[in-house]
Amino acid sequence: MNVFKVLIIMALMAAPLTRLPHKVSVWVTNGKGSKLLHRDADIPMYPGSQGMISIDTSRRLQEVSGFGAALTGSSAWLIHQLEPARRKALLRELFDPARGIGISYLRITMGASDFSLRDYTYDDLPAGSQDPQLKRFSLGDDRQDVIPVLKEILEVAPGLRIMATPWSAPAWMKTNGRLAGGKLDPQWYEAYAHYFVKYLRALAAEGIHVDAVTVQNEPLHEAAYPSMRMEAAEQAVFIRDHLGPLFRREKIHTKIIAYDHNWDEPQYPLTILNDPQAAGYVAGSAFHAYAGDVSAMSRVHDAYPAKELHFTEISGGEWARNFSDNLQWNISNIFIGTMNNWSKSALLWNLALDAAHGPQNRGCSNCRGVLTLRGDSTLRNVEYYVIAHFSKFVRPGAYRIQSRNDAPLESVAFLNRDGGKVLVALNKADTAVSFTVQAGKAVFQYRLEEHAVVTLAW
């Protein structure tokens, strides 16, 4: 920052100015945990045109789809076991933006994952059997917990967006005849495309609309739990010749999202998008954060700026227990980071787990849910507050807007459909930082304590 700007800001802070009628609401979580989505005193606004952070509401960037987590089979089962009054209160807290934190996007699993009560798909058969016409298709286990809980959530948040992801095709469609590992046999590509259509229509019959599907969870990873390897060229063929054309013929408007794996392999979605026919059916790409760097999302955006980007999974766990470190890493990388790298959504992994990090299905043995449900208690983990700093204030349909940041902070700004503005700022320094924000012809000032995140809304 040059000397001229410093002098202007110092004068602004020192001079008695006329307050504007508008005020900024302030919500803070600090690394010490003494403030947890704590509402501080409102901040006055003053006339002015200079700030360390400046926001340009006329420069709209990507539209926001939402923020949230995954309603896995394990999460749905735990929530469904709660006494009805407690369950209703919890869902209101999670999904109502006025009385809670306003989660606006959920990821669900198509069949079993590593966080389900057991292995299953929607067309399981005895070994050696086949069902080319999918006559045995059934939502099966989803009817026990996932669908009832989703219906209750939609009563609280009817505008909720849902993304669905398979961990594996039915075993009879795979090269190894098992749910764990293996590949989708090309002879069943068309049947598997119809499997997606049957799934989406079955949920629609239950009043549940799926906004987007990803083709395969972590397609470069095979595991002891339901999983399926699918190389980029194979996914391109499946989308180009089967899933995309079938969706179009059947008038399925659910978006098709490619990849759904780590930041370290951006060439995977680029391979699919480089195929003009496959790309014509693909709305965008999804990423996880277990390897690589968030900047990979901008690499894909720069190559195909008209295609969507989504961030769909990262989990906390016992390997990282420091509240302050987790708060800063998640805000920096998963929320501010993905938004500043063109993502439309930011989703964490399990919405809820129990005190033993489960129920598990041969997967992660020490993952942490957004919530820990233990007996009569509900523990709100650091991930709860990380989501809340965005989901409560930045609503679906908002736009990320252009901002310039000359402060020693990380930040991102949004414009909601109702005209409300939101700035989320993170201070990773060991000392507090005072800064000014300029929005239009108004400015305001704030001092953010060390290792803290603030959401400023006006």
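Let's start with a strand pair. Strand β16, residues 371-374, is joined to β17 by 4 bridges, and the two run antiparallel. Within that pairing, L373 has T378 of β17 as its bridge partner. On terms: two strands pair if DSSP finds at least two bridges between them. Strands are DSSP runs of E, at least two residues; helices are runs of H or I, at least four; both are numbered from the N terminus.

Before going on, the ground rules. This is a predicted model, so to speak plainly: local features need pLDDT of at least 70, side-chain atom pairs count only at pLDDT 80 or more, and totals for chains, interfaces and linings use all residues. Residues are numbered from 1 along each chain as its sequence is written, and side-chain values use heavy atoms, with hydrogens and water left out.

Confidence next. pLDDT is the predictor's confidence in each residue, from 0 to 100. The protein averages 96. 96% of the residues score at least 70. The stretch to watch is residues 1-15, where pLDDT stays under 50. For those residues the model has 19 contacts beyond four places in sequence. Contact means heavy atoms within 4.5 Å.

Back to the sheet. It is open, with 3 strands in the order β14-β16-β17, and the pairing is mixed. β14 (352-354) and β17 (377-380) stand at the edges. Each has a single partner strand, so one side of each is left without a neighbour in the sheet. Neighbouring strands are turned by 30° against each other on average, direction ignored. Those angles come from axes, lines fitted to C-alpha atoms.

Now helix α4, residues 146-156. Which of its residues are buried? V146, I147, V149, L150, I153 and L154. Buried means under 20% relative accessible area, exposed over 50%, partly exposed in between, with a 1.4 Å probe and protein chains only. What covers them? The cover includes α2 (73-80), α3 (84-95), β6 (105-110), β7 (161-166) and α5 (189-205).

On to charges. Side chains of opposite charge can pair when their charged atoms come close. The structure holds 25 salt bridges. The criterion is a side-chain nitrogen of Lys or Arg within 4 Å of a carboxyl oxygen of Asp or Glu.

Take D141 and R118. Their closest N and O atoms are 2.8 Å apart. Both residues sit in the loop between β6 and α4, 23 residues apart. D141 is buried, at 18% relative accessibility. R118 is partly exposed, at 42%.

Then K183 and E234, with closest N and O atoms 3.0 Å apart. K183 lies in the loop between β7 and α5, and E234 in helix α6 (232-249), so the pair ties together parts that are 51 residues apart in sequence. K183 is partly exposed at 26%. E234 is partly exposed too, at 23%.

R404 and D406 also form a salt bridge, at 2.9 Å between the closest N and O atoms. R404 has 34% relative accessibility, and D406 has 31%. Finally, K32, K35, D40 and E449 are linked in a network of salt bridges.

Last stop, W263. Where is W263 found? In the loop between β9 (255-262) and α7 (267-273). W263 counts as buried, at 3% relative accessibility. Its C-alpha atom is separated by 19 Å from that of A236, 27 residues apart along the chain.

Methods:
Axes are lines fitted to C-alpha atoms, for helices over the stretch in contact, and angles run from 0 to 180 degrees between N-to-C directions.
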